[in-house]
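Hello,

Here is the structure you asked about. Please open it next to this email and look up each residue as it comes.

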Amino acid sequence: MKELLERIKRRNTERTADAAPPEGTAPVPKPPPDLPLFFMLSHLEEDGPVRLDGVKLGVCEVMGLEIDEPKLGAFAGALNALDFPVQLLMRQHPPRLGGLREKLQAAQPADLPPQTRAASESLQRLLTDLETRDGILDRRFYAVCEHVRVDELRGLLARSGLSVHPLRGRQLRMFVVAAALGGSPAEFDEEATPEVEINRRDMHIGTHLIRSLHLGKWPRSLAPGFLQGLMAAGAPMDLSIHLGPIPAEQAARTLEWQKVRFESAQSLSFKRGRTMSPEAEIALEDVTRLRDEVQRGRERLFHSSLSVTLHARDEDSLKEMTQRAKAHFGATLGKLDNLAFRQREGLLSTLPLALNAVAEWRTLDTSSLARLFPFSPPDLDTRSGTLYGIDMRACSPVVYDPWDGTHLNANTAVLARSGSGKSFATKLGVLRGLTRGVTAYVIDPEGEYADMARAAGGRVLSPGVEGQGMNPFVIDRGDDEELLQRIGSLRRLIEVMVGESLGAERRASLDHALAGYYAEHRERTGFRDFYKYLEGQAPDIAHLLRPFATGSLRNLLSDEGDDLLGREALVTVFDLRLLEPELRPAAAMVCTETVWAAAAQDPKPRLLVVDEVWSIMQHPEGAAFMVSMAKRARKHRLGLQFITQDVQDLLSEDSSRTITGHSGRALLQNAAFKLLLQQDAAAITTVGYAFDLPEDLQRWLLSCPRGDGLLLARGQRFPVRVEATPEETEVIEWRPGSHR
């Protein structure tokens, strides 16, 4: 930034010298000031900008939060402890997704099939379209103060539950340039010299047409989320709030004087036989209440100022955005002033300079300022990973990477009624994962994913068919802890395979047999070898497993060792539809254990999708198996995605059932991401209680369109819309024999 501004200053100096008139000619008008002077910026240091008056500033980025009463109370507490001036800045502009596109391109496997490659290229075009689509914005929140107080400001905001990150180096430089010249922080052309033109009611900075407004008349009362309604209008803008705390003693004296003045006016009116106007009575009540609260230390007073700078492509768009902004404040009896002939002052007030150049203030109390809460709504746009949807509230892309290490795990729970679009959303997530190197496995009880896997260049296995058996009995004994955990998983698998609980004595015998078998057999083994060993150690248990060794299910388990690892495809679907319903839970667990064996031997980003997970969870051992896998999946970079439409059964607390909702809730607790699509009316109360959803979100989940849903992640709620390109839809909905 410093080099850029110095270059601009040198160019302006050269232009001024070149334009100097010859001697004896009339003087030319004085050129406009240099851009550094125009923006009141002296220079930029590594950890903060410096204003022309020599004041060094600290800039922090603040992560957004949802608004609720506890958060408002915590924010009010932070304001009460504030004793220095602060600027709170909200910026929303069209996103710049070039970096994300480059990361996706770099992560794309070289051997993608043509259909999958076309889907990947279409995602690149969709990201480009989002950069210019009306209503799609990149929203960021910042706090600015003098550099010597920045640590204190960080502490206050952190204690109120906000995540705060100081800006330094290149990130700070890009932010300052973006704020000054308009737009989102992104790569900028250092050779460009933007021109500035100041008009009566607007300004031109480069290609940006901007207009600054100031809140001259504040609403009498502010509702929580007041500013979020303005930000959700979908207009590129910068909104700045300047706060200057008033000492408590001075505030108390001022309020007492105002109270005396109102009471004197009331007494004079009574003497003249008149009554006070309703406005005067309300003002007296407000002053009396506020004086008492200030004296008790519950409230403080602040000099406050609010300015808005709108950005547009043309005059018509700017006029429309101005009308919408004024209408938003006008609905609450507030008024935005145009700042005629003061556009530069308005712009400076919305730059990260901690400078209220408009120099107009309004006195507000802590509660009113807390209701503004300028750090909401949150978004889930990490610019890492891939696109999962569009945030309908924040009007921003939903972009994240479950495997980047910043989340609790890579597990996802999908809960929805039939026909809500859960299969489409899951297939889209699998397909977009394939295009960046995430290997996927799908436990498919109804054959819904087979066609998509074939179209994407994957494979479909049918457990139980000869030559397509699984071998979950391969264990890497290099890790003793892993060996112990896998033996427990195999014991639970065998209990599900036999279809009954073995009881304490048989369970102990089976555990002893497994431990002894893997102590003796260090080479890769299969089920038939273990079955022969089991016949000698626990013949009664071996008798129960006979159908899997010599009976009709002999092809479910294989002795082919590491065949799955040796021929690992982009996506593998285990199609269980040929099996009887009562055999599917056992087959699903066999497939899941096999995937776990692959993940344990070669950790890399993998996704395991378990559709209709309730078919496994309804067995106590199956439920324990799934919960254990959800807890351990992170260790081997395995992301577990489980889907169910039996939400009521998964979360039920009915003790008469074989498995209660405790295991279902434990499974959900070990999922960092939860996607709730349209819900059934019979289950919405259970869902609302399980996820602590307010009534408005519960009603929305009952009637939201197909493909819309609520994503729960990082302790926040994100209403999202799943959006796919035509090329992606073609792969997802492909059928054999269809024309491509």
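Arg 344 lies over the face of a ring, that of Phe 38, at 5.3 Å from the ring centre. Lys 427 is placed over the face of Tyr 449, and here the figure is 5.5 Å from the ring centre. Please keep in mind that this is a predicted model.

Next, the rings that pair with each other. A pair of aromatic rings is described by the distance of the centres and the angle of the planes. The structure holds 14 such aromatic pairs. In one of them, Phe 75 and Phe 375, the ring centres are 5.9 Å apart and the planes stand at 85 degrees; planes over 60 degrees apart count as edge-to-face, so this pair is edge-to-face. Phe 75 belongs to helix H3 (residues 69-80), while Phe 375 sits in the loop between helix H13 (366-372) and strand S14 (386-391), so the pair ties together parts that are 300 residues apart in sequence. Both Phe 75 and Phe 375 are buried. They are also linked by ring pairs with Phe 141 and Phe 373 into a cluster.

Another pair is Phe 527 with Tyr 531. The centres of these two rings are 6.1 Å apart and their planes are at 35 degrees, so the pair is tilted. Phe 527 and Tyr 531 are four residues apart in helix H18 (residues 527-537), which means about one helical turn separates them. Phe 527 and Tyr 531 are buried.

Now the backbone. Most residues other than glycine have a negative phi, and most peptide bonds are trans. Which bond is cis? The peptide bond from Ser 376 to Pro 377 is, with omega near 0 degrees. Pro 377 is in the loop between H13 and S14, where Phe 375 is also found.

Arg 637 is not a glycine, yet its phi is positive, about 60 degrees. Arg 637 is in the loop between helix H24 (620-632) and strand S21 (638-644), and its relative accessible area of 37% makes it partly exposed. Arg 714, not a glycine either, has a positive phi of about 55 degrees. Its place is the loop between strand S23 (708-713) and strand S24 (716-721). Arg 714 counts as partly exposed at 47% relative accessibility.

Last, the chain as a whole. The protein chain has 29 helices and 24 strands, and 54% of its 740 residues count as buried. Its accessible surface comes to about 32,100 Å², with 49% belonging to carbon and sulfur atoms.

Regards

Conventions: Residues are numbered from 1 along each chain as its sequence is written. This is a predicted model: local features need pLDDT of at least 70, side-chain atom pairs count only at pLDDT 80 or more; totals for chains, interfaces and linings use all residues. Side-chain values use heavy atoms; hydrogens and water are left out. Rings of Phe, Tyr and Trp (its six-membered ring) pair if their centres lie within 6.5 Å; planes under 30 degrees apart count as stacked, over 60 as edge-to-face and the rest as tilted. Helices (H or I, at least four residues) and strands (E, at least two) are DSSP runs, numbered from the N terminus. Buried means under 20% relative accessible area, exposed over 50%, partly exposed in between (1.4 Å probe, protein chains only). A charge sits over a ring if NZ of Lys or CZ of Arg is within 6 Å of the ring centre and within 35 degrees of the ring normal. Accessible areas come from the Shrake-Rupley method with a 1.4 Å probe; for residues, only the protein chains shown count as cover.
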